[in-house]
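Please open the structure in a viewer and keep the sequence at hand. The stops below are meant to be selected one after another.

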Amino acid sequence: MSVTIYDVARQADVSTATVSKVLSNTPYVSEKTRAKVLAVVSDLDFVPNLAARSLNQVRTGIIGLAFPYASDYLFEDPHLMLFLRGVENIATTHDYSILLMTAGAADAAGGLRRLLHTRYVDGAIVVGMESVQPITAELRHRTYPTVALGYHSPLGVYNTIHADDYLGGRLAAEHLLALGHRRIGLIGGPLEITAVGRRIQGFTDALTEHGLSLAPDLRAAGDFTQESGFAAAASILAQPARPTAIFSVNDRMALGFMAYAQASGLTIPTDLSIVGFDDIPAAAFSHPSLTTVCQPSLAMGRLAGERLLDLVQRTQERFEPLVLATTFVPRNSTRALA
């Protein structure tokens, strides 16, 4: 016999109403109770009625959007918000709703597993598949419609969308080299994120071709936040011989670096040139405006939405990786050495 909501409620020692609230992500359920109910759902392999109908080819009209970040981190990241807006544009056009799942990186795999287990969504867009590798095989086995923002998906490189991060890193380096800079610093990010490694690789390859390398004392790692860029500046600018230019793998850290440099009495770009990556809206309105590499965040969101609906509607089983071009945006935070 199939497992019912009454079986879940009985084993979890809660009411059926509480089980329904947990499965529909309704607030006002304690985290302890929510965890207990979800554990029973998993143990009993319970599939809600809505999911059973979807298995009979009746779609829910909902797509999942999974971010392996806490909600405050997500909503503070302009790049991710533009991506989300792009997905929402497509979902609305096709009368779909979005179920947003956020989680701390440590629980990203568990959160996505719970989302997909309920089968409340017809398919999912996952940001940063590197963070949820433990369930990659499970997604592949279920042939669940999945699109990944990044370099990895359950099908390897298939069904992935990302910017040309390597090219973007090269463009940043070539710009600074053309301006005469040779002592250049770098603010990196979490290396488990492939895009970060690709940006750094493109940047360092361009330096190598000019007989240069990054000095270890001019490198710092951040977590994409403006605060971490501020901290990186404190470390790099404390060196006896400071750099004449900085490349940051995202704009928010570049803006944090700029804020520290200016508070320390440096003038941008007279004393220090700065290049970011992303081209978030704030980059054009900082003082001075930030020179950066543009990745088309909104377009990537729209493409992710379109391709996921193609997979849901079975118009295609998989697609080749989509790599969107990055472009260089010169503004006022860089200048040639005197």
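## A tour of the chain

In this predicted model, residues 24 or more positions apart account for 71% of the contacts in the chain with a separation of 6 or more. Of its 338 residues, 50% count as buried.

**First stop: helices α2 and α3.** Select residues 16–23, which form helix α2, together with residues 31–44, which form helix α3. The two pack at an angle of about 90 degrees, and their axes are 10 Å apart. An angle from 65 to 115 degrees counts as roughly perpendicular, and α2 is therefore roughly perpendicular to α3. Next, show the side chains at the contact: α2 contributes Thr18, Val19, Lys21, Val22 and Leu23, while α3 contributes Thr33, Arg34, Val37, Leu38 and Val41. By type, the residues of this contact comprise six nonpolar, two polar and two charged.

**Second stop: Arg34.** Select Arg34, which is located in helix α3. Is Arg34 buried or exposed? Its relative accessible area is 14%, so Arg34 is buried, the limit for that class being under 20%.

Select residues 194–209, the 16 residues of helix α10. At 1.5 Å a residue the helix should span 22 Å, and its end C-alpha atoms are 23 Å apart, so the two values agree. Colour the buried residues of α10, namely Ala195, Val196, Arg199, Ile200, Gly202, Phe203, Thr204, Ala206 and Leu207. Then display what these buried residues pack against: α9 (165–178) and the strands β6 (184–188), β7 (219–221), β8 (245–248) and β9 (273–278). Just after α10, select Gly211, where phi is positive, at about 75 degrees.

In soluble globular proteins, nonpolar side chains tend to be buried together. Here the largest nonpolar core has 68 residues. Which residues have the most contacts inside this core? They are Phe83, Phe203 and Phe257. Centre the view on Phe203 of α10. Leaving aside residues up to four places away in sequence, Phe203 touches Gly169, Arg170, Ala172, Ala173, Leu176, Ile184, Leu214 and Phe247. Another core, of 14 residues, lies apart from the largest one; to find it, select Ala9, Leu23, Val29 and Phe46, which are among its members. Leu23 also belongs to the contact of α2 with α3, which returns the tour to its first stop.

Terms used: Residues numbered from 1 in each chain as written. Predicted model: local features only at pLDDT ≥ 70, side-chain atom pairs only at ≥ 80, totals over all residues. Heavy atoms only, no water. Axes fitted to C-alpha atoms, helices over the stretch in contact; angles between N-to-C directions. Helix = DSSP H or I, 4+ residues; strand = E, 2+ residues; numbered from the N terminus. Parallel < 35°, antiparallel > 145°, perpendicular 65-115°, else oblique. Contact = heavy atoms within 4.5 Å. Nonpolar A, V, L, I, M, F, W, Y, C, P; charged D, E, K, R; others polar. Expected span 1.5 Å × (residues − 1). Buried < 20%, exposed > 50% of the residue type's maximum accessible area, 1.4 Å probe, protein only. Core = buried A, V, L, I, M, F, W, Y, C linked by side-chain atoms within 4.5 Å.
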